[in-house]
Amino acid sequence: MTSPGAVLLEVDGVSKTFNARSGGLGRRIQVAAVNDVDLRIEPGETFGLVGETGSGKSTLGRIVLGLEAPTQGSVRFEGQSIGAMSRRQLKQLRRRMQVVFQDPYESLNPYMTVREILEEPFRVHGLYDSERTPARLGELLDVVGLPRAALRRTSTEFSGGQQQRLAIARSLTLDPDLLVADEPTAALDVSIQAQILNLMLDIQRARKMSMLLISHNLLVVRHMSARLGVMYAGRIVETGFSEDVYRSPKHPYTMALLSAVPVANPRKERERHRIKVSGEAADPASLPSGCPFHPRCWLAEERCRTTRPEPRPVGAAGQLVACHVAT
Amino acid sequence: MTGTNADGRPVLEVEDLRTAIGGKDSRRLPVNGVSFTVSAGETVAVVGESGSGKTMTALSVMGLLPKGVAQVVGGRVAVSGRVISGLSDREMQSVRGVDIAYMPQDPVSSLNPALTIGLQVTEPILVHRKGTRQQAEKDAVDLLGKVGIPDPRRAMHAYPHQLSGGMRQRVLLAMCLIGQPSTLIADEPTTAVDVTTQEQIIDLLASIQTESHLAILLITHDLGVVARIASTVLVMYAGRVVEHGSAEQVFSEPMHPYTRGLLQSVDFDSVTPRTRLFALDGAPPQLGNLPAGCSFSSRCQYAEPVCRQAVPELAATTGTGLSACHVAARGELPPWTSTQDLRSGT
């Protein structure tokens, strides 16, 4: 257990550059997927990361989980640097950090029964107890709203929403302190999305677990997270309390992102103020100089083209915005 | 806004369309008595979740159902007054792309990864408009420019993987426009792209529609996109149309419990952050295993004994639209004031 007030997870100046080749056999290029990111998550807090394809949000999630080593910077869990951990320490850490991915079809082994899927984490960590574990599996299924009879079946016998419930149950087997959820509802139908979000809210509240929620859906992130960060071209361009960022976005990209989300109401939709940005998201293989958003930004000035803006306080308390112009 | 320029002339007419998976007598009907019309300049949206039959409806209209798997077993489809249901494959070839074009869901698998964009756009131009290759290439560049591809001359030499998702979607749209069809079926055109790009694609569809009076059948699960560009909405559930009305009505006074549930489950604005959202219980039923009576009855908070016995017909309600609901037909669906009111009861 973590002491109250302490920071559970700290990400400091983390960058990740991948080596690649352009067009398969082309020249060597460097892809800057994550670029100098800071973030902290407190015990029991949900932090949301929102961004579009290629913004670096999933890479950042993998770095937090220790699945990917940062090129620069450090990730600390309860003050301990993940990069400096031995294999044994890392294995210990993995008990305390779990992940739920977007696609349950791909993240659950179709040949394993639900019982095998849920027992595996206990076995891997040498925690299997022939008396206590079976009872625990039943409780886990209760928590995620699956029938206990599911234990004898394979995951393929379940619908997408039920499979995601199963993936969540698996992530909870070892009572993690941090859950990384990478697009947990993106593959699900609208009527199922709300069920899964409600389940995650209930679990998080009951267990006082921290969560890093990664999503392209600003409305989902805002609903679920106390604080959020908006990623663009590998950087967190704006961060703050979700309500502040949602009600009064300060970074032009956040404004554009918010204004692009259609509202399911034709009247509201027509009256809504819309900001249209031209062009497409910056290519992490050839980032523009200065602010990565400047080629699409209607407020860009000369300094935006030359100097990269660092996060600075703008707007509400705790709101940080990486923009020269934002006020 | 689009939709306002519809001139009332139905271009696409679909009547009691039925499609079966398996043999002719199969009871698995992914499309089960679907009827609607789309007029020139009008956008009609088909909304529904996976397996509701929206794409199968599109493929049935286009005569593109997977052979040996599914077949149209009833109903009538007409484009610009000409009946196209029952035409042979060969006859359909002169309809597809010319009278009615289909923009498939996935721009990645719909383009040939081994051929340049130029070749893939030029070939159909040569087929549709007789002329020289040089002229066709010039037309292709024009068309790519028209759908908003920057530097279309350069894009001609690119392979699909070198383009972003949004650009590939634009290429598909360009290909659909080659035969100057009167009707376009756009299947989830915004699903594979990011939200800022999504907006550009919708604006592009709208501007092309304004220019050419295209009738658009938009297939989507995204209610926000529907609210933005559709004038008429069909809500599908388990192969049937359960609600049919103007976008205005369907969003402001939904008359089917399923539509209400869908709208509520994405209504983040009227829920306090970090509290439970309204959620429909259960999951959509499997086609082979539909509940008796109304397919939605097992998930419906208003269901009565009659709902588990008789299939409700799509019929007029107290509102302006049509709804396939026994409770709504009797005018006994509670008024839809705001989602807040409904939620307080749960």
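Modeller: Happy to! Let's start with A:A233, which is buried, because 24 other C-beta atoms lie within 10 Å. Keep in mind that this is a predicted model.

Biologist: Okay, and where is A:A233 found?

Modeller: A:A233 sits in the loop between β9 (227-232) and β10 (235-241) of chain A. Its phi is near 50°, a positive value in a residue other than glycine.

Biologist: What about B:Q180, what is phi there?

Modeller: Phi of B:Q180 is near 45°, again positive and again in a residue other than glycine. You'll find B:Q180 in the loop between α7 (165-177) and β7 (183-187) of chain B.

Biologist: How many C-beta neighbours does B:Q180 have inside 10 Å?

Modeller: B:Q180 has 14 of them, so B:Q180 counts as partly exposed.

Biologist: Got it. New topic: in what order do the four strands of the open sheet in chain A come?

Modeller: The order is β2-β1-β4-β5, and the pairing is antiparallel.

Biologist: Which strands stand at the edges?

Modeller: Those are β2 (28-41) and β5 (80-81) of chain A. Each has a single partner strand, so one side of each is left without a neighbour in the sheet.

Biologist: And over how many bridges do β1 and β4 of chain A pair?

Modeller: Strand β1 (residues 9-21) and strand β4 (residues 72-77) of chain A pair over five bridges, in the antiparallel sense. If you want a spot to look at, A:S15 is opposite A:Q72 in β4(A).

Biologist: Nice. Now helices! At what angle do α4 and α5 of chain B cross?

Modeller: Helix α4 (residues 117-128) and helix α5 (residues 133-146) of chain B cross at roughly 115°, and their axes come within 9 Å. The crossing of α4(B) and α5(B) is right-handed.

Biologist: Which residues make the contact?

Modeller: On the α4(B) side they include B:V121, B:I125 and B:L126, while α5(B) gives, among others, B:A136, B:A140 and B:L143. By class, the residues of this contact are seven nonpolar, two polar and three charged.

Biologist: Last one: how many residues of chain B are in contact with chain A?

Modeller: There are 36 on chain B, in contact with 38 residues of chain A. The elements of chain B that give two or more residues to that side are α8 (195-212), α9 (223-229), α10 (247-252) and α11 (257-265). That side of chain B has 17 nonpolar, 12 polar and seven charged residues.

Notes
Residues numbered from 1 in each chain as written. Chains lettered and ligands numbered in written order. Predicted model: local features only at pLDDT ≥ 70, side-chain atom pairs only at ≥ 80, totals over all residues. Contact = placed C-beta atoms within 7 Å. Nonpolar A, V, L, I, M, F, W, Y, C, P; charged D, E, K, R; others polar. Pairing = 2+ DSSP bridges. Buried ≥ 20, exposed ≤ 12 C-beta atoms within 10 Å, placed from the backbone. Axes fitted to C-alpha atoms, helices over the stretch in contact; angles between N-to-C directions. Left-handed = near helix turned anticlockwise from the far one by under 90°.
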